[in-house]
Amino acid sequence: MSDERPPAEGAPNEVRETTRGPVILRGISTRAWEHPADRGALVALRELRGFDIVLRKLSGMVSERALRLSLLGSSIKVDRHQYARVHDAYLSVAAVLDATDLPDLYITRDPDLGGMCIGIDKPAIVINSGSLDLLDETELRFLLAHELGHALSGHGLYRTLLMVLLRLTTSVAWIPVGVVGLRVITAALYEWSRKSELSADRAGALAVQDPAAAIRVMAKMAGGGDLSDVDTAAFLEQAKEFETGGDLRDSFLKLLLLETRSHDFAVARAAAIKTWIDEGEYRDYLAGAYPRRDGDGDASISAEAKAAAKSYKDLFEHSGDPLAKLLRKFRDGL
């Protein structure tokens, strides 16, 4: 497949590539998988010249060094000699996303399904040992690509930067906005964190190119590793029930439950992946029509801000949440 001109839909060479294995997304930009709300924040933060450099230096001198020593001393570093199967899976998803400078990968003793991307100057990916027991090969690749997506998007750096800024706001807590103002800022930061998780889910989906596997991972996160008695279609229906069920009391309860969550609920993430895939952007990217890294420098803050605003507007217009329905009726009545 040419990097400059994608093949026409249904072209023979496209079919041959997809039957042989995942389409290699050469030169793909992280903007391809970043959720509009996440991408808008990242583009703006990348314009804060100097802050990231200071943060990287401080991290490299203190916390980053301690983190790396801790991982080396208490986890297993994955390479071609240790957890070779995981190493091969990691290299395969990195190849699909055309990533070369890969973070170190570790397996840590934890029976739960999950992983994380930590660190700033040199991020590291840590996968729970339970994930190896609970996930099949494709699902494991999705998890690895999810965490790699975090690293490639620089979420570790900018999440830390935002949390530093948040801590600084405590010094102005005496200002009349007080606790209410800080709570609003905290809620906004957590909202960005949740959207960054949706971005990483999209990276995982692009890397494995098996939507069913992405949904299975979310189902396993929700209910455990055995899906023999689980219907993934019914699992997705839970997302609709979660969004549209109940009354205004449930709407406010959902807002409270989400306020301090860094990750959205598993059923909601599964529905978000399916929606993104169904809307067609995923298929366009596999056909070669995706943003390239060589165009990252031209990214516009205003354009990304508009895209973020549009994503929230679309979400509001199509939401089945009782509170959203009431607000739309009130707006239309005016």
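The side chains of Arg216 and Glu139 come together in a salt bridge, 2.5 Å from N to O. Here a salt bridge is a side-chain nitrogen of Lys or Arg within 4 Å of a carboxyl oxygen of Asp or Glu. Arg216 belongs to helix H10 (residues 211-223) and Glu139 to helix H7, so the pair ties together parts that are 77 residues apart in sequence. Helices (H or I, at least four residues) and strands (E, at least two) are DSSP runs, numbered from the N terminus.

Buried means under 20% relative accessible area, exposed means over 50%, and partly exposed lies in between (1.4 Å probe, protein chains only).

## About the model

This is a predicted model, in which local features need pLDDT of at least 70 and side-chain atom pairs count only at pLDDT 80 or more, whereas totals for chains, interfaces and linings use all residues. Residues are numbered from 1 along each chain as its sequence is written, and side-chain values use heavy atoms, leaving out hydrogens and water.

How many salt bridges does a search of the whole structure find? The search finds twelve. One of them joins Arg68 and Asp104, whose closest N and O atoms are 3.1 Å apart. This pair links distant parts of the chain, with Arg68 in helix H4 (residues 63-74) and Asp104 in strand E2, 36 residues apart. Arg68 counts as buried at 18% relative accessibility, and Asp104 counts as partly exposed at 23%.

Lys195 and Glu191 also meet through their side chains in a salt bridge (2.5 Å, N to O). Being four residues apart in helix H9 (residues 178-208), they are separated by about one helical turn. Both Lys195 and Glu191 are buried. Salt bridges that share partners also join Asp136, Glu139, Arg216 and Lys220 into one network.

## The sheet

Now to the strands. Four of them form an open sheet with mixed pairing, in the order E1-E2-E4-E3. Two strands pair if DSSP finds at least two bridges between them. Strand E1 (76-77) and strand E3 (115-118) are the edge strands, each pairing on one side only.

E1 and E2 pair in the antiparallel sense over two bridges, and Lys77 stands opposite Tyr106 in E2. Strand E2 (residues 104-108) pairs with strand E4 (residues 124-128) in the parallel sense over five bridges. Ile107 has Ile127 in E4 as its bridge partner, and Thr108 stands opposite Asn128 in E4. Four of the five residues of E2 are buried, so this strand is largely enclosed by the rest of the structure.

## A nonpolar patch

Leu248, Phe252, Leu255 and Leu326 make a nonpolar surface patch of about 360 Å². Patches are made of residues with over 30% relative accessible area and no salt bridge; like charges are joined within 9 Å, and nonpolar side chains (Val, Leu, Ile, Met, Phe, Trp, Tyr) within 5 Å. Accessible areas come from the Shrake-Rupley method with a 1.4 Å probe, and for residues only the protein chains shown count as cover.

Which helix gives the most to the nonpolar patch? That is helix H12 (residues 248-259), with three residues. Leu255 is found in H12 and counts as partly exposed at 49% relative accessibility.
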